[in-house]
Amino acid sequence: MWLKPEEVLLKNALKLWVTERSNDFFLLQRRRGHGEPTGRITGLLVGALDTVLDSNARVTPFRILLQVPGSQISWVIASGAAVEEVNKHWDWLVHNLLHSLSVFENKEDVASFVKGKVKGLIAEEVRGRQAAQEEDPEKFREALLKFELHFGLPPSEKLVTYYSCCCWKGRVPRQGFLYLSINHMAFYSFLLGKEVKFVIPWAEMTRLERVSAGLMTEAIRVGTRQRQRDFSMFLNLGEAFGVIGQLADIALRRLLDSEGLELDRVLQQPTRITKRILEEQALREYVLALFRLPRGERLHEVASCSVWTPHARCHAAGTLYTTDSYLCFSSREEGACVLLIPLSEVLSIEKAESTSILPNPVIVSIRTKKAFQLIELQDRNELVENLNSRLRALQWKQSMFRSKRGSKRSMSSPTPYYTFYYDTGCSDEEEIEEQVLRNTVNSEALMTAFHQNKPGTNGNKSMEPVKERLWEDHFLEFGRGVHMFRTEKIQRLVAMGIPESLRGELWMTLSDASSELEAHQGYYASQVQKSMGQSNLATEEIERDLHRSLPDHPAFQNPTGIAALRRVLTAYAHRNPKIGYCQSMNILASVLLLYAKEEEAFWLLVAVCERMLPDYFNRRVIGAQVDQSVFEELIRERLPELAEHVPDLSSLSSVSLSWFLTLFLSVLPFHSAVCVVDSFFFHGIKAIFQLGLAVLEANAAQLSASTDDGQALMILTSFLDQVGSEDSSCCPSSPPAAEESGGCDTDILPVKHANITDLINESYEKFGDLTVRQIERLRCRHRIRVLQAHEDTTKENALRVVTPDVGISPENLADIYDLFKTEHFISLYWGDSSSAAAAEAAAWRHGDSGHHYVERQYRLDRPQFKSLYGLLTPWPGGSTQHADTLANRTFTLLDQDRDNLVAFREFTGWLDTLYCEELNEKIRLLYRLHIPPALTESEDDPSLMKSPLVSTNRPLYVNLPSGVEGVEGEVKDYQEQLKQMLQDLAKEKEKDVEKPLPLMNQREFIQFCKTLYSMFHGYPEENDLFQAIAKVTSLVLQIGEAGHRAPSSGSEAAGRTRATSEEPGDDDSRGAESSPAENEWTVSYAQILASLLTEQVLVNFFEKPVDLTARISEAKEKQYQQRAGLLTLQQGTR
């Protein structure tokens, strides 16, 4: 490895280095003690010194020095970990530079020339390497070479960063380096002659935490299913902890739930990940969460500045964040002052004259004839130029969109799509009315029509005008719309409950759904038109839940409200098929429709599902489970006494799951729950965490005294039922059923009535220091645990299905599953992008709908299977080519679904036959590997036969030929026939063992013999086995010849073949010949088995038990290196 020339005093260098080769200008030196035959104390001491005092990483055992005659100073220009590597550099210098240096008369010119040449070589190497992306390419390039040398992973395993640290083994620290790559974390240490190295895939990490115990001041603890390791003595432990968490989170989201969890486009391409990109992504995720921006927003500039706040009459210091479509400002104290300005609202961004009082000011003017002043901006010119460039692009896009809409409007029908329709009565033409309602979009909130019918809301209307006046005063002082200043004062107003007349507007403002609506005029109407009339799993679930959404509210006892809810939910399912429809979305959408117009309710639902509650409503509600895990940790941290009395917090988190999924709408009285929704739109998920903690703290004493989960549930239910609001303070709206159950339970103390405003304010006061940054960091760590818990469940399900059918021990079966899963991951790590995408797509099983999730199931393609075949097959093989052929046949045989994939159940069945079954079953498997469909007509082309390999007793009619209308009544429906075919297949598989196998012709028998000969290579009794198989082959050939010549055997054999014609794939294996025994040489499975049994040495070979446990252990050690080497060769030949 070429190094940037660095001075070294020759007299000092000779103390630790020994010169191996030299000439007039160059020295090749070996580190003293390295490679010496005896373990001298000098070697041990130098090795320890290199490891502990590794300040500049110049500790490779070989190096090349540039020396100038007559000078005491030399320059290190190359180094290497192996003598072969450094010899290559030496030879290059001798052949390309040495003769040229004699021309120079001045020795300083010699040094300058060589140093310049070496720097050029380094720059040429760096140009194509990832080191060019790092802050210090020189050191990073050296660390990269060490990483590749120590661990032998393929070049596509990109190193992201590395840290010097200690790994603790008991009470002993091992000083070394921790290397973090896109798929693994690896540690290497060489101290006092002992080498320690290991690799941990991110996919195996189950826990990540910071601990402080024993001799370690503070350490990072990484847990896997097998063990845990502690790392300490980092220069910057916080940075290392964050990077490890990020890389693990990214890898697990990509590997374990690529379909459900959204990843940024940059992170979807692991080879582009660098430490700088990780830092940018962490900041971007924080900004998106803090301001609840659309997930597609990219972060551009981050600048410290101050903003003039008219309400406080001063400048507020903070940070400006600019994205594709927004200007965002947050004060230094998170949440004290927040400003969000959509670029769509901006008219101009201009620089003002700079003064001592107002340095580097920028004026942002918006449509409402207001302006914002920003000062103390560094790099103001570049920032304003970039902002104006994005502003012009956005304005051009808006003008094009408006002109396009105008042309469409002029060509369209004058009848407006939006119509008022609030007929609550039932006409005689009920079906026509229902059809009209299904296709008519409401242009007002449902509460305007149905508010007066809500019982218990007429007694306390005096508070509404008061709250409205307070909000109007607030608008005058702080502004109105998305770009109003958001401070602690608005927090207090929100806690009181937003007045109903302003609730829809403020929800749109606080969530910025208004900008989405403005930018997508007509989008909702088009989605409604496209989605209505469609029938799929999502629409079926929506129809089932329509009448369960706020069933006590009059708006949803009416066709109008039901139709509006149906349109919003089906339109969203059509917009986002990845989510489609998830339970609890109906409750959220119902409340949104009460206070917002229908189109606004749709965009509010988009904001909640895609921005404010990310990953909550995907296939496995991962986001909600992650937040439950975060909530448990917050309980331990903020409510330690409760956590001490309730050690198993999973019972509380199972109760709180509905709090997060429905924003307390399913557990609080309606008017109180709507106040929680107000807080949610202002604070985001932070409000739900805070309120949840406040609820548990208010009931901590009773929960600590509870004896079981049921009692704890009753305590919380009873408390939440009694939480009232100012609008319903004189009449707490608790369900009658809850009151009755609470009255008859003598074990639960009566709960005093609480007010929702007081409860929300209390949650702010006691838990308001919880920040968005803390929540995001906790989510990152806890997502690891949740995803791994799902993986454990998937594994348990797979093993439970397979265990009854095999004789392999549960421990070995679990290890085989891990090997199977690792093989799948290796393709995702280092395979090309197309094969990786195909492997990940194959891991998900879907229902008939195509989008409905069934389960995650790992399956292997042909190359993956062949890799595991070589690791686990019990029989030795001499010919690599024939072993590969046999692996191909085995894959074809096990691929029962003919989808070029082998499932875990099929794989374990094959292993069970090889390791646990009797001799006759092993021979039966070998026999099947040498007849179709396993044996194809051309071994070079392992594709399946052209004809379908599945036959059943009844035909499957898909398209009837013309003129066959008369038999339509006799032909079953296509789906019914498909079901019947699958039933027939199941019956045939059950009877498969009992049926005789098809006969084997001469070509197939020759292949069978070839396999037998290749199996014994390297076996201790190889010669005896060869002689035995020769006798068996001779005997079977004689049997076949006798059967072929005997005239009477033809009909008998033909009858047997016809009897087995229902065997899957058999009708293809013999082509068009009706009785192969009359035309060609054949033998049966029984004849081959009987012949093999005549030779005891063969019987002993097949009956000899093989230690599967040892084979699995060996496979675990070899799997990575074998596949890594193979993939490296494949990548090198491209």
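The exercises that follow concern a predicted model.

**Exercise 1. The chain as a whole**

Task: State how many helices and strands the protein chain has, and what percentage of its residues count as buried.

Solution. 
Step 1. The secondary structure of the protein chain amounts to 44 helices and 28 strands.
Step 2. The protein chain has 1134 residues, of which 52% count as buried.
Step 3. As for the surface, the protein chain exposes about 53000 Å², and 52% of this area is supplied by carbon and sulfur atoms.
Step 4. Among contacts in the protein chain with a separation of 6 or more, 67% are between residues 24 or more positions apart.

**Exercise 2. Nonpolar cores**

Task: Identify the residues that touch the most other members of the largest nonpolar core, and name the helix that gives the most to this core.

Solution. 
Step 1. The largest nonpolar core has 238 residues; those touching the most other members are Phe 231, Trp 507, Met 585, Phe 617, Trp 659 and Phe 907.
Step 2. The helix that gives the most to this core is H7 (residues 237-256), with 12 residues.
Step 3. Another core, of 24 residues, lies apart from it; Val 307, Leu 339, Leu 343 and Leu 383 are among its members.
Step 4. Consider Trp 659 in detail. Leaving out residues up to four places away in sequence, Trp 659 touches Phe 631, Phe 664, Val 667, Ile 688, Gly 692, Val 695, Leu 696, Leu 716 and Leu 720.
Step 5. A general principle may be recalled here: in soluble globular proteins, nonpolar side chains tend to be buried together.

**Exercise 3. Salt bridges**

Solution. 
Step 1. A search of the whole structure gives 37 salt bridges.
Step 2. In the salt bridge between Arg 567 and Glu 598, the closest N and O atoms are 2.7 Å apart.
Step 3. Arg 638 is buried, with a relative accessible area of 18%.

**Exercise 4. Buried positions in helices and a strand**

Task: State how many residues of helix H31 are buried, which residues of helix H43 are buried, and what Gln 690 and Thr 487 touch.

Solution. 
Step 1. Helix H31 (residues 810-830) has 21 residues, and 17 of these 21 are buried. From first C-alpha to last, H31 reaches 30 Å, close to the expected 30 Å.
Step 2. In helix H43 (residues 1096-1103), the buried residues include Val 1097, Leu 1098, Val 1099, Phe 1101 and Phe 1102. Their cover includes helices H36 (919-928), H38 (1002-1015), H39 (1022-1045) and H42 (1085-1093).
Step 3. Gln 690, in helix H25 (residues 685-698), is buried at a relative accessible area of 1%. Not counting residues up to four places away in sequence, Gln 690 touches Ser 763, Tyr 764, Phe 767, Gly 768 and Leu 770.
Step 4. Thr 487 lies in strand S20 (residues 486-487) and is buried, with a relative accessible area of 8%. Apart from neighbours within four places in sequence, Thr 487 is in contact with His 311, Ala 336, Cys 337, Phe 478 and Phe 682.
Step 5. The C-alpha atoms of Thr 487 and Val 338 are separated by 6.7 Å, although these residues are 149 residues apart along the chain.

**Exercise 5. A surface patch**

Task: Decide whether Phe 113 counts as buried, partly exposed or exposed.

Solution. 
Step 1. Phe 113 is located in helix H5 (residues 107-127).
Step 2. Buried means under 20% relative accessible area and exposed means over 50%, with partly exposed in between.
Step 3. The relative accessibility of Phe 113 is 34%, so Phe 113 counts as partly exposed.
Step 4. Together with Val 103 and Phe 104, Phe 113 forms a nonpolar patch on the surface, with about 270 Å² of accessible area for the three together.

Notes:
Residues numbered from 1 in each chain as written. Predicted model: local features only at pLDDT ≥ 70, side-chain atom pairs only at ≥ 80, totals over all residues. Heavy atoms only, no water. Patch = residues over 30% accessible without salt bridge, like charges linked within 9 Å, V, L, I, M, F, W, Y side chains within 5 Å. Areas by Shrake-Rupley, 256 points an atom, 1.4 Å probe, with all protein chains shown as cover. Salt bridge = Lys/Arg side-chain N within 4 Å of Asp/Glu carboxyl O. Helix = DSSP H or I, 4+ residues; strand = E, 2+ residues; numbered from the N terminus. Buried < 20%, exposed > 50% of the residue type's maximum accessible area, 1.4 Å probe, protein only. Expected span 1.5 Å × (residues − 1). Core = buried A, V, L, I, M, F, W, Y, C linked by side-chain atoms within 4.5 Å. Contact = heavy atoms within 4.5 Å.
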